[in-house]
Amino acid sequence: MNRVIFNCMLFLVVILSACDEDSASEIFDASISITSDKTTYNEGDGTILITASSSLTNTSGSDITVNYTVSGTATSAEDFEELSGSLVILEGASEASLNITLIDDSADEEDETIILTLSDVDGDVTASGAVTLTINDNDSGTTTTDDCTTQLEVDQTRGECGEDHTSASLDAPTFTNVLDEANDIRTITTNSIPDHKFGLFGKDQGALNPNAITVQSQTFELDATPELAGETTELLSMTSGPAYSFGIVFSGIELDPLPAEPWPHTVPFTDPSVNWEWNMEAVNLDLGFDCNNAHVQPQGKYHYHGFPSLYIETLSLDEENPGMTLVGYAADGFPIYYKYGYSTADNSSSDVKSLTSGFTLRSGEREGDGVTAPCGDYNGTYSNDYEYIEGQGDLDECNGRTGVTPEYPDGTYYYVLTETFPVIPRCFKGTPSNEFAIN
């Protein structure tokens with residue numbers, strides 16, 4: 001089994017208290033204060049968040065170096081990447097961060113510990129305190145097929161949605177959708193703050209990932225009368241990874257289904273050796289999502305990777321007597337509808353039904369060798385575990401079709417959010433706006 005490396009964010013917070021005004025070593029007396037929602041993790045858990053807080057900041061006039069020792073039963077360079085032994089609290093700050101990279105090896109071994117002990121601070125100031133992490137081995141529970149180990153298992157765990165813009169101290173959501181028929185442009189603006197409940201993100205204890213939601217300023221100009229292109233455009237580039245987010249819904253949040261998680265997951269996704277043909281399927285994995293299948297990018301943008309549950313609930317749809325419901329626009333300007341459509345695409349008098357995707361989970365085993373591509377059973381943990389079968393469902397390979405809708409009585413191509421894979425479409429039938437391009 002190949003190594004899988006995960007980034008674990010460990011926040012060490014040094015509490016600083018003023019003494020006098022002569023020097024950094026005399027001004028501050030440091031001690032460590034650490035809190036965590038748990039201290040035991042699995043070898044392949046992914047992101048671990050340990051947080052602490054300080055009410056004082058470093059006002060000494062210079063940076064302060066905090067030294068620590070590493071001990072425990074886990075072995076440096078075998079169970080985790082080597083650590084430097086020190087971190088720096090910058091002037092004006094009250095915390096310093098340390099990245100620990102765990103190595104998910106294939107050895108069947110005892111549970112191990114990593115212990116960080118604060119040793120001293122710049123100058124004559126002394127400090128004490130320690131944090132112990134217990135890392136449980138995860139190799140005895142892996143699934144094997146002959147001599148091939150399946151690396152990933154389906155995990156649709158989702159965090160609770162108990163926050164809103166008020167509790168998160170954010171601006172109120174803003175969203176506009178303006179059609180300029182004279183210039184054939186649809187302009188959408190948003191601050192990317194959801195108009196529904198969302199999960200806890202940031203450095204708070206119990207957060208789903210360490211990136212806090214922040215107000216964005218986004219403007220998208222779309223073709224108001226898009227046309228079908230000669231060929232489809234995939235969201236995923238096989239040479240560089242995610243190339244586009246798909247579109248935006250009227251909650252003001254982008255639909256961005258693709259993670260940057262190519263095989264083999266042991267090197268940065270920018271490494272030329274990665275295999276983008278086998279990119280993780282986000283909706284079938286626990287990547288720190290809340291109940292809306294959403295999380296937050298490092299720059300603070302909240303975005304949907306899968307079905308936007310609470311946004312759909314805000315529409316108060318009559319599921320017993322459904323109609324077609326426009327929910328947003330794709331990057332190529334074509335409309336996006338929630339799962340329902342006319343049973344006869346070009347007849348608005350026909351019954352409304354739940355439209356089905358033409359994708360299905362492949363059967364059997366992947367042909368990969370476990371080195372250049374994953375092996376094991378097709379289980380949905382990679383997007384390529386699914387295949388499109390023409391004629392099997394109501395929708396094409398881009399999860400769309402041409403037909404009449406309430407907003408477009410003369411007919412249009414439109415996309416559909418389905419409850420099964422792919423949920424959010426993975427390709428465009430028109431020409432996508434570069435404003436949805438992912439750098």
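Y244, F246, F334, Y413, Y415 and F428 form one aromatic cluster. The model is predicted: local features require pLDDT of at least 70, side-chain atom pairs count only at pLDDT 80 or more, and totals for chains, interfaces and linings use all residues. Residues are numbered from 1 along each chain as its sequence is written, and side-chain values use heavy atoms, without hydrogens and water.

Across the whole structure, 20 aromatic pairs were found. Rings of Phe, Tyr and Trp (its six-membered ring) pair if their centres lie within 6.5 Å; planes under 30 degrees apart are stacked, over 60 edge-to-face, and the rest tilted. One of the pairs is Y244 with F428, edge-to-face at 5.8 Å between centres and 85° between planes. Y244 lies in the loop between β19 (241-242) and β20 (247-249) and F428 in strand β34 (residues 427-428), so this pair ties together parts 184 residues apart in sequence. Helices (H or I, at least four residues) and strands (E, at least two) are DSSP runs, numbered from the N terminus.

F246 sits in the loop between β19 and β20, and Y415 in strand β33, 169 residues apart. F246 is buried at 0% relative accessibility. Y415 is buried too, at 0%.

Strand β33 (residues 412-417) runs parallel to β27 (residues 335-338), joined by three bridges. Strands pair if DSSP finds at least two bridges between them. Y337 stands opposite V416 in β33.

How values were computed:
Buried < 20%, exposed > 50% of the residue type's maximum accessible area, 1.4 Å probe, protein only.
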